[in-house]
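Subject: Structure handover

Hi,

Here is the structure I promised to pass on. Please open it beside this email as you read.

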Amino acid sequence: MSIDPSTRYRPYTHASGGWGSARSVMHILWREQAMVKTGAALLKQNKPGGFACVGCAWAKPDDAHAHPLEFCENGAKATAWELTAQRSDPAFFARHSVSELRAWPAHALEQHGRLTHPLRYNPDSDHYEETTWEAAYQQIGASLQALPADEVVFYASGRASLEASFMYQLFARAYGTNNLPDSSNMCHESTSVGLQESIGVPVGTVTLSDFEHTDCLIFFGQNVGSNSPRMLHQLQDVRKRDAPIITFNPLKERGLERFVNPQSPGEMLGPDSTLISTQYHQLAIGGDTAAVMGIAKALLEMHDGALQDGRPGLLDDAFIAEHTEGYQRFAEAVRAQSWASLEARSGLSRGAMEATATTYANAERVMVIYGMGLTQHRQGVQNVQMLVNLLLLRGNIGKPGAGICPVRGHSNVQGQRTVGIVEDPAKVPVDLIERHFHFRVPERMGLCTVDACSGMLEGRVRGFVSLGGNFLRAIPDTSLMEPAWQTLQLNVQIATKLNHSHLLPGAQMWLLPCLGRTEIDRQDGVVQSHSTEDSTGCIHGWAGNSEPASEQLRSEPAIIAGLARATLGNGIDIDWEAWRRDYSLVRQAIAKIYPDIFADFEQRMWQPGGFRRPLGAAKRQWATPSGKAQFIVPTSIDVDDDVQAPYARRDVLQLMTLRSNDQFNTTIYGYDDRFRGIHGTRSVIFMNASDIVRLGLEAGAWVDVSTAVQPQVKRQVGPLQVVDYDIPQGCCAAYYPECNALVPLWHHAERSKVPAAKSVPVLLTLNTAGKASHDDRLIIRN
Ligand SMILES: Nc1nc2c(c(=O)[nH]1)N[C@H]1C(S)=C(S)[C@@H](COP(=O)(O)OP(=O)(O)OC[C@H]3O[C@@H](n4cnc5c(=O)[nH]c(N)nc54)[C@H](O)[C@@H]3O)O[C@H]1N2
Ligand SMILES: Nc1nc2c(c(=O)[nH]1)N[C@H]1C(S)=C(S)[C@@H](COP(=O)(O)OP(=O)(O)OC[C@H]3O[C@@H](n4cnc5c(=O)[nH]c(N)nc54)[C@H](O)[C@@H]3O)O[C@H]1N2
Ligand SMILES: [Mo]
């Protein structure tokens, strides 16, 4: 690999975890001046009786399986980021105008610390100014009353607890709209659509204990080392039992290669790391459906061969006959594919697909794990369904050690959907809500994230309420959306830290600061607890244990209650103030609306490891229209049909936008991506050596990147510096959210509408004036 000295690229040769991880944690604790406070908090993180990590949604173990410290490098960063000693108080906003702050990089905005007071934007002074909570509630309530309910969007980012989320969706519906998009719309909605059709549940089927029984794991498009590092413990245990792990990823991600447990003194001091993936297949971006077709084809060929030789077949015929539908059609479709086209589309050799099939066939209990590399494609739903097809062939759903495992992102993003934050009213128990709370749930389908953006562009969305998140940076087509965002009549942001979504105000803009996960939530002097649902469908209680960053902060449930009281009339039978004082009343209400899941909620949420929501598919009960699990034939094995003439295909690269090891979504902790060897910058584009030569570039050169689609709206990002990297030919990678201006709003997964952020057709042009920049404002060009 050639390295140009002008890039800040040095290949990382160490395992994931280990000293690099320990050093990175210490650095951020020191920088945030939160060493003592965070240290104490971390001891309680993800522990029974402690608080649930603000980071990812990976499962939390019960007492018997808890590690001495149940947090990872990135969970520790997230905690330190929240417990920082820095503050963005009214004096800070008096010093800096909104126009000035808009020019700050994302990192600097959040680094400046926690929001402390309720603020209202004053267009005359161009400053945020302190207001009172009661004034904010009353004025927002009056503005909401003045807007048609269908023109207001209630977004949620995926962190708010079950209690806050339940109240939020009820508030929106009582107000008169199902416009309840959440971050799942940009994330695992392909899972919710795909799994529901295939196996009758919208979520994964495995629990932590399945890792103890599995014979083989297959990983697709998930970067465990950066994005769910606590799972590395489970992977290490699987490998110690000698079970194989097979990975499909265009990039060699370090966490999927090697791991040293930073909590094990022996491993930290010794020379050895654990080999994670026993087979690593660097497929082409978007090649997953073709790759899984290939594995299935190899399996069917092996099965046929075995039968011809008089040996037992390799498929689970009994399971297929009793539990599934559509096998014949699926098998025909698989057999009809030629190896040549499967190789061309997947970017893998027939041998690689056959090797996987052989390992798969030799294992009795197989789990498939996946993330954004599968869901954020035009064919995201189909990708997910292909994984299910593969599992069904050998009865690998609904038995210990087997199943499908989507790795969710935000720590309660799955739970928010469970308690009603969903734009489709068919997915909530309308009759129970109407019976208990005495209002009519609106019938009209609400807006998902992409539709909310279109609505804003067309002037149909005029109000926006945001329960956390950084909508304007997380969505596609940033450059088109920024002006639309400024046309909003009303914009209410409930947040812990300042971000760019807060800095392009429309007519009325409020910034309401809330307690974070780590902080003690006292209501009238009584400490309240919350709950969340993790990626494995387990629901846990937790409570913060640090003093709040400011006395002025309100909890999310308290803010929602305040807004609801001020907005809604008296006809609705909800005592918001009583709920605000005592969250156990909210839990009682949740249990009334979702009795099957939340019976005995108050007691069971404190069970070590949490309680599991009932999941039919995990017991081979298929809640599909026919009562059977479905083999679903993919409509196409093409990556993407969005590249159009007049671009010569050979000039177009497929871009994936992804996360560094030093960020949580749009929150940028720092400018290093240790595992990928990047230091001090995010302005890079990872490219294959032969593409660099073919396009007349060289490592270290600066390029502008534009989207290769028609009709052409100018979508351009740059300059980015070329890094010669181990990535398949024709593919390239760069960071989210800086590259979101390149993703067209209409370029999204069929049916789930998840933006296809992992396959954006792009063209590169040399930028001779390029230079390094820490400022994403410079990178995103209109
Ligand atoms: N520290 C940290 N933790 C996080 C987050 C964070 O930003 N930082 N974000 C949280 C959230 S909201 C989410 S959704 C998750 C996201 O976690 P991931 O699902 O890991 O998401 P990405 O970082 O976008 O990485 C996607 C992975 O898919 C691979 N990939 C890209 N395209 C393809 C493809 O076509 N096929 C295959 N097989 N692989 C592909 C990429 O190389 C990369 O390894 O993490 C959560 N946890
Ligand atoms: N191109 C591209 N785009 C993507 C993705 C991609 O891979 N590529 N990934 C997509 C995915 S998977 C996701 S989930 C979305 C993420 O989209 P969002 O969830 O909207 O974004 P975040 O960056 O997680 O939001 C960060 C902000 O949340 C606020 N916050 C933090 N903690 C709290 C809290 O406890 N309460 C409240 N009220 N606010 C809090 C802070 O103000 C912080 O600035 O982005 C999506 N966009
Ligand atoms: Mo996500």
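**Ground rules.** This is a predicted model, where local features need pLDDT of at least 70, side-chain atom pairs count only at pLDDT 80 or more, and totals for chains, interfaces and linings use all residues. Residues are numbered from 1 along each chain as its sequence is written, chains are lettered from A and ligands numbered from 1 in the order in which they are written, and side-chain values use heavy atoms, with hydrogens and water left out.

**The chain.** The protein chain has 32 helices and 32 strands. These are DSSP runs, numbered from the N terminus: helices are H or I with at least four residues, strands E with at least two. The chain has 782 residues, and 68% of them count as buried. Buried means under 20% relative accessible area, exposed means over 50%, and partly exposed is in between (1.4 Å probe, protein chains only). Take the contacts (heavy atoms within 4.5 Å) between residues at least 6 apart in sequence: 79% of them join residues at least 24 apart.

**Ligand 1.** There are 31 residues around this ligand, each with a heavy atom within 4 Å of it. Asn249, Glu253, Gly286, Gln663 and Asn665 come nearest.

- The side chain of Glu253 has an N or O atom 2.6 Å from an oxygen atom of ligand 1.
- The side chain of Asp288 has an N or O atom 2.7 Å from a nitrogen atom of ligand 1.
- Phe248 has a backbone N or O atom 3.0 Å from a nitrogen atom of ligand 1.

Taken alone, ligand 1 exposes 920 Å², and the protein buries 99% of that. Areas come from the Shrake-Rupley method with a 1.4 Å probe. Helix H19 gives the most to the shell, with three residues. By class, the shell has twelve nonpolar, 15 polar and four charged residues. Asp, Glu, Lys and Arg count as charged; Ala, Val, Leu, Ile, Met, Phe, Trp, Tyr, Cys and Pro count as nonpolar; the others, Gly among them, are polar.

**Ligand 2.** Of the 31 residues around ligand 2, Glu110, Tyr155, His410, Glu556 and Thr666 come nearest. A polar backbone atom of Lys497 is 2.7 Å from an oxygen atom of ligand 2. The side chain of Thr657 has an N or O atom 3.0 Å from a nitrogen atom of ligand 2. The protein covers 97% of the 930 Å² of accessible area that ligand 2 has on its own. Its shell has eleven nonpolar, 14 polar and six charged residues.

**Salt bridges.** Side chains of opposite charge can pair when their charged atoms come close. A salt bridge is a side-chain nitrogen of Lys or Arg within 4 Å of a carboxyl oxygen of Asp or Glu. The whole structure has 33. One of them joins Asp662 and Lys77 (2.9 Å, N to O). Asp662 lies in the loop between S24 and S25 and Lys77 in helix H3 (residues 73–83), so this pair ties together parts that are 585 residues apart in sequence. Both Asp662 and Lys77 are buried.

Glu434 and Arg440 also pair (3.4 Å, N to O). Glu434 is partly exposed, at 23% relative accessible area. Arg440 is exposed, at 61%. Finally, salt bridges that share partners join Asp524, Arg565, Glu577, Arg580 and Arg581 into one network.

Best wishes

Note on methods. Polar contact = N/O pair within 3.5 Å; in protein donor to acceptor, adjacent residues only side chain to side chain.
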